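Student: Could we go through this protein together, one question at a time? I would like to see how each answer is reached.

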Amino acid sequence: MSTESSLLRSPERAPARTGHAAAPTAGTAAALSPLALATILSGTFLAMVDFFIVNVALPTMARNLHASSGLLELVVAGYATAYAVLLVLGGRLGDGRGRKRLFLSGVAAFTITSLLCGLAPSAGALVAARVLQGAAAAMMVPQVLSTIQATGDLPSRARALGWFGATGGIAAVVGQVL
């Protein structure tokens with residue numbers, strides 16, 4: 001049993017791996033366990049909460065890093081632009097190299113770039129770290145949706161997508177509060 005399939009629980013029997021992504025058939029596709037769903041949704045939560053948390057911290061960044069309003073806009077826009085531009089590429093890489101591999105690489109890169117953001121000595125360094133952080137998020141988030149789509153039957157996918165949407169809403173609120 002592969003480590004990727006160990007995150008899945010099968011109601012009957014998981015389909016054989018052929019190397020190509022196939023749509024699951026009703027009743028035979030492996031469904032995400034609650035722990036696996038929570039794990040992948042944590043990646044979505046991190047990417048989304050980080051976007052909103054920065055907006056609240058901009059005045060502190062301006063004061064501590066002596067950043068102009070233009071640089072502060074780049075702190076936000078650098079993340080969002082890198083994320084948006086690289087999102088499709090992240091999804092395609094996950095299709096070709098494996099969703100689990102890309103998700104874990106994205107989480108590791110996001111963690112490292114978050115540390116770089118926290119330790120940034122200047123506004124310019126923070127902008128560069130935020131661009132890299134957006135790229136890391138673009139590696140991580142598409143794997144969540146593709147994993148949800150590739151697992152389970154229609155009702156379990158619908159539930160998982162509902163949790164995905166709720167995670168986004170909760171992340172927006174938590175980011176503003178933090």
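Tutor: Gladly, and we start with a term: a salt bridge is a side-chain nitrogen of Lys or Arg within 4 Å of a carboxyl oxygen of Asp or Glu. This is a predicted model, where local features need pLDDT of at least 70, side-chain atom pairs count only at pLDDT 80 or more, and totals for chains, interfaces and linings use all residues. Residues are numbered from 1 along each chain as its sequence is written, and side-chain values use heavy atoms, with hydrogens and water left out.

Student: What is the mean pLDDT of the protein?

Tutor: pLDDT is the predictor's confidence in each residue, from 0 to 100. In this protein, 84% of the residues reach 70 or more. Over residues 1-28, though, the pLDDT is below 50. For the protein, the mean pLDDT is 84.

Student: Which pattern does the protein follow along the sequence?

Tutor: Helices (H or I, at least four residues) and strands (E, at least two) are DSSP runs, numbered from the N terminus. The protein has five helices and two strands. Read along the sequence, they give β-β-α-α-α-α-α.

Student: Where does UniProt place the feature "transmembrane region"?

Tutor: UniProt positions are given in the numbering used here, feature names are shortened, and annotations may be inferred rather than shown by experiment. In the model, residues 35-58 are 100% helix, with end C-alpha atoms 35 Å apart. Residues 70-90 are also 100% helix, and their end C-alpha atoms lie 28 Å apart. The unreviewed UniProt entry places the feature at residues 35-58, 70-90 and 102-121.

Student: Which side chain does Arg130 meet in a salt bridge?

Tutor: Side chains of opposite charge can pair when their charged atoms come close. Here the N to O distance is 2.4 Å. The pair links helix H4 (residues 123-150) with helix H1 (residues 34-65), its residues being 80 apart. The partner of Arg130 is Asp50.

Student: Is Arg130 buried or exposed?

Tutor: Buried means under 20% relative accessible area, exposed over 50%, and partly exposed in between (1.4 Å probe, protein chains only). Arg130 has a relative accessibility of 2%, so Arg130 counts as buried.

Student: With which residue does Arg92 form a salt bridge?

Tutor: The closest N and O atoms of this pair are 3.4 Å apart. Both residues lie in helix H2 (residues 69-97), three residues apart, which is about one turn of the helix.

Terms used: Contact means heavy atoms within 4.5 Å.
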